[in-house]
Amino acid sequence: MTQELTSPTPARQSSGPGRGPRWWRDAVIYQVYVRSFADSDGDGVGDLRGVCERLPHLKDLGVDAVWLTPFYASPQADGGYDVADYRAVDPLFGDLQDADDLIRSAHEAGLRVIVDIVPNHTSDQHPWFQDPDLARTRYIFRPGKGANGELPPNDWESVFGGPAWTRTDRGDWYLHLFAPEQPDLDWDNPDVHAEFAAILRFWLDLGVDGFRIDVAHGMVKAPGLPDIGHGQQAKLIGTQVLPFFDQDGVHAIHRTWRRLLDSYDGDRIGVAEAWAPSAERLALYVRPDELHQAFNFQFLNADWHVDALRSVIDDSLAATASVGAPTTWVLSNHDVVRHTTRLGGSLDRARAATLLMLALPGSAYLYQGEELGLPEVTDLPDEVRQDPAFFRGGQGEFGIGAPRSGADTEPATDGPADPSGQDGFRDGCRVPLPWSGEHPPYGFGPGGSWLPQPADWRALTVAAQTGDPNSTLELYRSALALRRSLPGLGDGGMSWQPAPEGVLAFSRPGLLCTVNTLGRDVELPLPGQPLLSSAPARIDGGTAVLPGDSCIWWAI
Ligand code: NOJ
């Protein structure tokens, strides 16, 4: 597919909105999961025009940038993370002109734009994979084991469940760490390097401010593709270096990309989606000559407990400081159970966790809908599910809750493993956003919505929460406005302060932050005047009473 701009703009400089050079060190970046954000044409699927029309929401929220999940031409076997043409927009989401308009409009609104790049694998419909001669050298094909090559070349498992190999009609096997429709590229082939450099340039020339790099820890595999000798490899992801994840060789690719990004004006960035076994190994991705940011999934996975939180914060800050990088905090995204539900189904905790995150030094990513306090949707009927992991019985790096015993290609039928309804699959965090109105689709678009929205979301819409000082939306707006107004808050230092059991307290330039992780009130000497709170403190003379599961910013 060839797409062209209908009103072409010359190769552009980034307009450089946001907050000046090194903007990314303390930026708040909002993840738009395009198919679920806003639908402009009534087909029930969000699209680029929909994002453009809703930019005022992001401006009002006070974020610095948006990250757009893949909108490229794709058969959608994995929500667009199976790309058939990296230079074309899928008709579901619009066309190249829409992408160009969106980038320009976002810049005019003072928002930077980060797009997703998917370099570990393509779609099986990509022209390279469709051409057997090209495919042989650009993907990872191997003969099978067994007398007739009937067994996979090694014991690697797909993140989505089942073997990581599929046999072709020709009798050999190809590697796919994710779905069979997502064959892994062979990064030993210089053609692959050249093609991705050209793809990055294509989007940089259109003015994007950076890339979220999908599976940034996966492109290089251990020589000889050795067996792992473990039957549940998904459980090992993020706990150790595996022959297919977090190999040292990936860093050479990131160094090359950093040079490419630096050859453009305007502080263009790369952010790694990398599952590394420790804060130290994750920090390798953000060394000065590599990427700018790497999502801190250890923070996302931390228990709601003072010791767990304090140790993950300390480890993360120490590891990133050792390489001179900021830490990149995140609580929710399109692959994990929304943090309102994950943290015990408690909106109080979710609001407190967010204020904690936004008080920490570094950058933070928000996932669409968390500003509305949306819960995970845990009762989606099987027939509407689209997550490929559901159909392969997998759990993978994103799984939370016990693994399903799974068939290879049929939906698992044994019901959610967790009594809260969290099943570890990813459709429940991808339900389209509620914007306004009393009933589905709540202003998502003029038609329906590709996943059903709950009937009881009318109080959660953007319209319903706007202007209500107790709403989660107004809490996010206030937190982001305050964060902007306190110089040094984003990238400055922090120091822990004494606190009662169950409470974290730390000071930052201009504020003291207290987090009560207990489910009950805790008293402490009044630290100052409250600036912002996830739940109001009671002040009694010289004593402050922190409500259970709360976070409060105090002026000092
Ligand atoms: C990580 C993405 O966030 C996820 O949605 C996708 O399924 C895998 N990478 C494979 O591309």
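A residue is near a molecule or strand if one of its heavy atoms lies within 4 Å of it. In this predicted model, local features need pLDDT of at least 70 and side-chain atom pairs count only at pLDDT 80 or more, whereas totals for chains, interfaces and linings use all residues. Residues are numbered from 1 along each chain as its sequence is written, and side-chain values use heavy atoms, with hydrogens and water left out.

Start at the ligand. Around it stand 14 residues, and the closest are Asp-78, Arg-212, Asp-214, His-334 and Asp-335. An N or O atom in the side chain of Asp-78 is 2.6 Å from an oxygen atom of the ligand. For Arg-212, a polar side-chain atom lies 2.9 Å from a ligand oxygen, and for Asp-214 the distance is 2.7 Å. The protein buries 100% of the 290 Å² that the ligand exposes when taken alone (Shrake-Rupley method, 1.4 Å probe). The shell has seven charged residues (Asp, Glu, Lys or Arg), five nonpolar ones (Ala, Val, Leu, Ile, Met, Phe, Trp, Tyr, Cys or Pro) and two polar ones (the others, Gly among them).

Next, the chain as a whole. An automatic or database assignment divides it into domain 1 (15-122 + 189-222 + 233-485), domain 2 (127-175) and domain 3 (495-555). The C-alpha centres of domain 2 and domain 3 are 56 Å apart.

Strands pair if DSSP finds at least two bridges between them. S21 pairs in the antiparallel sense with S16 (residues 511-516) over six bridges, and Val-515 stands opposite Cys-551. S18 (residues 529-533) and S21 also pair in the antiparallel sense, over four bridges; here Pro-530 has Trp-554 as its bridge partner.

Conventions. Polar contact = N/O pair within 3.5 Å; in protein donor to acceptor, adjacent residues only side chain to side chain. Helix = DSSP H or I, 4+ residues; strand = E, 2+ residues; numbered from the N terminus.
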